[in-house]
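Here is a quick tour of one chain, fold first and single residues later. Have the viewer open as you read.

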Amino acid sequence: MKFYLPFFVVIMMCTMLLSAVHSEEVAEPTLVIEMLNKRDKERMLYSDELVRVEVGDTISWVPTSKGHNVQFVSVPEGVEKVKSKLSKEFSYTFEQEGAYLYVCTPHASMGMIGVVIVGNTPSDINLDEVKKYKFRGKSKKKFKKILKSLEDV
Ligand SMILES: [Cu+2]
């Protein structure tokens, strides 16, 4: 029996390790947003420019077209402004209520921007701050459009 003991210990450790890895697996996304070069007459865009999710929900941005990413530019206090890698899928789980404004780094002035509202009371948190963000180029108009449709979301 003594001979087998280390073997069992190894097996047990492997099992524990495997279950630990398993429990850290990323949850299925609540929502998928595509990063696109073109849709109808529009160029460089996210398939959903304004979405509302709940705390704990996960969004996956998928690189349907290459050369895009996600960069948070205005977020609730205490949240890290993450920046994803170009042409790679990016998943983010929203742990804090509020408004999140993000851009595609290479196309930030070409209208490739998006807003995520987390929870139901964003105006009390940081929406006013998000609204102050200054865009250039085509994104100015796009941002106005997004803010206008905010009332309907
Ligand atoms: Cu882009």
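## A helix over the sheet

Which strands does helix 3 lie across, and at what angle does it run to strand 8? Helix 3 (residues 138–149) lies across strand 3 and strand 8, and it runs at about 25 degrees to strand 8. Axes here are lines fitted to C-alpha atoms, for helices over the stretch in contact, with angles from 0 to 180 degrees between N-to-C directions. Helices (H or I, at least four residues) and strands (E, at least two) are DSSP runs, numbered from the N terminus.

## Ground rules

This is a predicted model, where local features need pLDDT of at least 70 and side-chain atom pairs count only at pLDDT 80 or more, while totals for chains, interfaces and linings use all residues. Residues are numbered from 1 along each chain as its sequence is written.

## The chain as a whole

Of its 153 residues, 25% are buried (20 or more other C-beta atoms within 10 Å of the residue's own; exposed means 12 or fewer, partly exposed is in between, and C-beta atoms are placed from the backbone).

Take the contacts with a separation of 6 or more: 68% of them link residues 24 or more positions apart. A contact means two C-beta atoms, placed from the backbone, within 7 Å.

Four strands make an open sheet in the order 3-8-7-5, with mixed pairing. Strand 3 (50–53) and strand 5 are at the edges with a single partner strand each, so one side of each has no neighbour in the sheet. On average, neighbouring strands of this sheet are turned by 30 degrees against each other, direction ignored. Two strands count as paired if DSSP finds at least two bridges between them.

Now for strand 7 (residues 98–103): six of its six residues are buried, so the rest of the structure largely encloses it. Strand 7 pairs antiparallel with strand 8 (residues 113–118) over six bridges, and three bridges join it, also antiparallel, to strand 5 (residues 71–74). Y102 in strand 7 is the bridge partner of F72, and in strand 8 the partner of Y102 is G114. Q71 stands opposite V103.

## Zooming in on I33

I33 sits in strand 1 (residues 31–39). It counts as buried because it has 20 C-beta neighbours inside 10 Å. Leaving out residues up to four places away in sequence, I33 touches Y46, S47, D48, I59 and W61. I33 and D48 are 15 residues apart in sequence, with 5.9 Å between their C-alpha atoms.
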